Amino acid sequence: MVKVNQSLTTEFILTGFSDHPDLKTLLFLLFFAIYLFTMVGNLGLVALIYMERRLHTPMYIFLGNLALMDSCCSSAITPKMLENFFSEDRKITLYECMAQFYFLCVAETADCFLLAAMAYDRYMAICSPLQYHTKMSKTVSIQMSIGTFIASNLHSMIHVGCLLRLTFCKSNRIDHFFCDILPLYRLSCTDPFINELMIYIFSMPIQIFTIGTVLVSYLCILFTIFKMKSQDGRGKAFSTCASHFFSVSIFYACLLMYIRPLEEGNKDIPVAIFYTIVIPLLNPFIYSLRNKEVLNAIKKFTKGTGKMA
């Protein structure tokens, strides 16, 4: 038996934007501004929902948790990406890489469950309004949110645990701006079959369940709306669902575009930018600008701070 000496990789190089060195200052300023607006928008929305008692309802509890997870998603990716614009080596250690993927996986999994919960909440509010306050109480929504965080962390732990079983002795260059799971598979000297199997066993059912919940909920909502005789009732129902449906459509469209077989390689950095950086920026504004209750709470808060000043 011939023994081959292979040095195991403990550091990676993120090469995501290295093809555009002349644009690094512009890209840094752009993504830094996006990150600031994302954190202010999402954490501001969380604070507003927490302080305004009228927003302590299931829909806004889910929305507050979604904003929190969007902040987590952006914070897992953007700070390291900003650092790498002016870093000479653009290195990230193996454990930093695992931590980055862990928090990203938690945030994205929680987003899937929360968007499904919000769709179900709208279904109950429009299709079964008499049962809404018993089946979708504040306690139930808090329990669903806690269950979402537990499931998201367990899901992330499974994939990170499987990643830690891999050994990396090929190239240490990750052709991406963050540590994603598929580029790591391609650098592995260990067969990632078990890791891929875990994706099919755990990740695919989560996607099928959450997408199915959203589709069934909105189909039922549409049928109910078309049966309404009052045009005002139809308009009100559409307005309460439009922002959520728009956000869900963008999220799943980008996610499904980004998921590709291992053999295809990683050619979807623009799509990854959209679903990991741009969507967390857009969500708080999508839900706020078309929502009278949120806008009224913002006006109330600004008036209160104005009087205090």
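Here is a short tour of this predicted model, stop by stop, with what to select at each one.

**Stop 1: the disulfides**

Start with the cysteines. How many disulfides does a search of the whole structure find? There are two. Number the bonded cysteines in sequence order and the pairing reads 1-3, 2-4.

Select Cys 97 and Cys 179 to see one of them, with an S to S distance of 1.9 Å. This pair ties together distant parts of the chain, 82 residues apart: Cys 97 sits in helix H3 (residues 94–127), while Cys 179 is in the loop between strand S3 (173–174) and H6. Turn the view to look at the S-S bond: the torsion about it is about -120°, so this disulfide is left-handed. Cys 97 and Cys 179 are both buried.

Now pick Cys 169 and Cys 189, which are also joined by a disulfide, S to S 1.6 Å. Here the torsion about the S-S bond is -130°, and the link is left-handed. Cys 169 belongs to the loop between H5 and S3, Cys 189 to the loop between H6 and H7, and 20 residues separate the two. Colour this pair by accessibility: Cys 169 counts as buried because its relative accessibility is 17%, whereas Cys 189, at 33%, counts as partly exposed.

**Stop 2**

Go to Cys 127 next.

Then try Cys 72. The closest cysteine sulfur to its own is in Cys 73, but the distance is 7.4 Å, too far for a bond.

**Stop 2: Arg 90**

Select Arg 90, in the loop between helix H2 (58–85) and strand S2 (91–93). Check its backbone: phi is positive, about 55°, although Arg 90 is not a glycine. For background, most residues other than glycine have a negative phi.

**Stop 4**

If you want a landmark, Ile 150 is in helix H5, which covers residues 138–164.

**Stop 5**

Move to Tyr 185 in helix H6 (residues 181–187). Is Tyr 185 buried or exposed? Its relative accessibility is 3%, so Tyr 185 counts as buried.

Asn 195 brings you into H7, where it is one of the buried residues. Others buried in this helix include Met 198, Ile 206, Gln 207, Thr 210, Val 214, Tyr 218, Ile 221 and Ile 225.

Finish by looking along H7, residues 193–227. With 35 residues at 1.5 Å each, H7 should span 51 Å, and its end C-alpha atoms are 50 Å apart, which agrees. Where does H7 bend? Zoom in on Ser 203: the helix bends there by about 30°, and a proline, Pro 205, follows within four residues. Ser 203 is itself among the buried residues of H7.

Methods. Residues are numbered from 1 along each chain as its sequence is written. This is a predicted model: local features need pLDDT of at least 70, side-chain atom pairs count only at pLDDT 80 or more; totals for chains, interfaces and linings use all residues. Side-chain values use heavy atoms; hydrogens and water are left out. Buried means under 20% relative accessible area, exposed over 50%, partly exposed in between (1.4 Å probe, protein chains only). The expected span of a helix is 1.5 Å times one less than its number of residues. The bend at a residue is the angle between axes fitted to the seven residues ending there and the seven starting there. A disulfide is a pair of cysteine sulfur atoms within 2.5 Å.
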